Amino acid sequence: MRTEIENIVDEIKQAISLLRRHLDWDQAVRRLDWLNNKSEDPNLWNDAAEAQKLMRERQQLDDGINGVRALENQLKDSIELIELGEEEGDQAIIKDAEDVIRAMRTETARRQVEAMLSGEADSNDSYLEVHSGAGGTESQDWANILLRMYTRWADKQGFKVELLEIHDGEEAGIKSATLLVKGHNAYGWLKTESGVHRLVRISPFDSNARRHTSFSSIWVYPVVDDSIQIDINESDCRIDTYRSSGAGGQHVNTTDSAVRITHMPSGIVVQCQQERSQHKNKAKAWDMLRARLYESELKKREDAANAEAASKTDIGWGHQIRSYVLQPYQLIKDMRTGVESTSPQDVLDGDLNEFMEAALAHRVNGGADAVVDDLA
């Protein structure tokens, strides 16, 4: 009978083989050698944009290739240690090597998820919008909790986060906010988070301590670079200016520096209030509109497009992708994959990778949504 470790070793070997195939190993090694040589060319930075593009590709290939090599070497060394321990009857050596192999299963799974981030815009920076649903203060507070959750997740991933706009709620929380998340594969990681998120808890705003259900939506779309041509007819757009909201001092409250652009044919609305200058906010809003239109085209190529579009239009029952229950018990469940967590506070503090990895695998494999009962 095969042992547990033998089965795990086979899993790891198969995963490594898939990673090599995904990288197109021989071609990737040759390309990395060329990029390493190119990086030493003093003329490379004459075209800064092209140089940055090549350096990002170089970093991606270097991470992928060296990651696979490290797994191969670690597996080989661990197997040899087990064989040595068996020859010498040293159970401590065997146990240590087996523990390393078990940990490697998690690492190979993570790298397989990274390999899934190979879509057209997956490596790009990402915009993330938060919108509160119906329900006033309750849903606005929930939207603020989600904003904090994704900000903490991005920090843990080593991504840089900029708050582009925020509309505060009347009493607490926020009506909406837009983040710019900068980092390699930011959009690839975040893209499956678009949809409605449902919270069940004892309301801190209810003097009778009753249980409330709140909804807020997340919408994710990639930052597009200048090499991607998106044609926008300015006559199809309405541009509004308004006073910024939120913290920011006297300037925020006295000047109409914030900009909102509405694309009439699609109904897409973007807004930015990050900069002190209306001109700069308008330029960034145009970039956001280009990104939204590009994301819309990408979604048309994916089977999940219709479901995600529906979740955007109705922030309420029947459209949630994930439920977060804090009372009377504590459980978070993804309605697409069935993945659960009994540590809501950890998830709300940004521990989202388990949910994201499962959703990515689900999307890449083209599977239908899991048959999952929602939480009461």
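Helices (H or I, at least four residues) and strands (E, at least two) are DSSP runs, numbered from the N terminus. The structure is a predicted model, in which local features need pLDDT of at least 70 and side-chain atom pairs count only at pLDDT 80 or more, while totals for chains, interfaces and linings use all residues. Residues are numbered from 1 along each chain as its sequence is written, and side-chain values use heavy atoms, with hydrogens and water left out.

Asn124 sits in the loop between helix 4 (91–116) and strand 1 (126–132). Asn124 has a relative accessible area of 15%, and is therefore buried (under 20% relative accessible area; 1.4 Å probe, protein chains only). Beyond its neighbours within four places in sequence, Asn124 is in contact (heavy atoms within 4.5 Å) with Gly183, Asn185, Ala186, Tyr187, Pro222, Val223 and Val224.

Helix 1 (residues 4–23) packs on helix 3 (residues 48–88) at about 160 degrees, with axes 10 Å apart. Axes are lines fitted to C-alpha atoms over the stretch in contact, and angles run from 0 to 180 degrees between N-to-C directions. Helix 1 is therefore roughly antiparallel to helix 3 (over 145 degrees).

Technical notes:
Buried means under 20% relative accessible area, exposed over 50%, partly exposed in between (1.4 Å probe, protein chains only). Angles under 35 degrees count as roughly parallel, over 145 as roughly antiparallel, 65 to 115 as roughly perpendicular and the rest as oblique.
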